[in-house]
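Okay, everyone, let's get going. Have a look at the structure on the screen, and I'll talk you through a few strands and a pocket.

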Amino acid sequence: MPYLLISTQIRMEVGPTMVGDEHSDPGLMSFLGATKRNVLGNHFWEYYVNDAPRIVLNKLESCGYRVVSMTGVGQTLVWCLHKE
């Protein structure tokens, strides 16, 4: 998967950071130290880490991912990355 979306809500300085969905690469999720969870009321699973987005972005850069875009949606920040 060359594209990856990560996001965080409210406090980007401390995390947690959502790093994938149920279809994400398990090897990459393991590298990030991500845990798979299903939040009550959601009909999907997501991977998250307790790290701040800055830490996650640094780890992803070491794997060849680069930020393509970033935006804010309400109290959520979203980064789109692409693996070169």
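**Strands first, then the pocket**

So, start with glycine 72, which stands opposite leucine 77 in β6. Quick housekeeping: this is a predicted model, where local features need pLDDT of at least 70 and side-chain atom pairs count only at pLDDT 80 or more, while totals for chains, interfaces and linings use all residues. Residues are numbered from 1 along each chain as its sequence is written, and side-chain values use heavy atoms, with hydrogens and water left out.

Strand β5, residues 65-73, runs antiparallel to β6, and eight bridges join them.

What about β1 and β6? They're antiparallel as well, joined by seven bridges. Isoleucine 6, for one, has tryptophan 79 in β6 as its bridge partner.

Now the pocket. A pocket here is an open set of points on a 1 Å grid over the protein atoms alone, where a 1.4 Å probe fits, with protein on both sides within 12 Å along at least five of seven lines; lining residues have an atom within 4 Å of a point.

How many residues line the largest pocket? There are 23, and Leu5, Val19, Gly20, Asp21 and Ser24 lie nearest its centre. The elements giving two or more residues to that lining are β1 (3-9), β2 (17-21) and β6 (76-83). β1 gives the most, with six residues.

Technical notes:
Helices (H or I, at least four residues) and strands (E, at least two) are DSSP runs, numbered from the N terminus. Two strands pair if DSSP finds at least two bridges between them.
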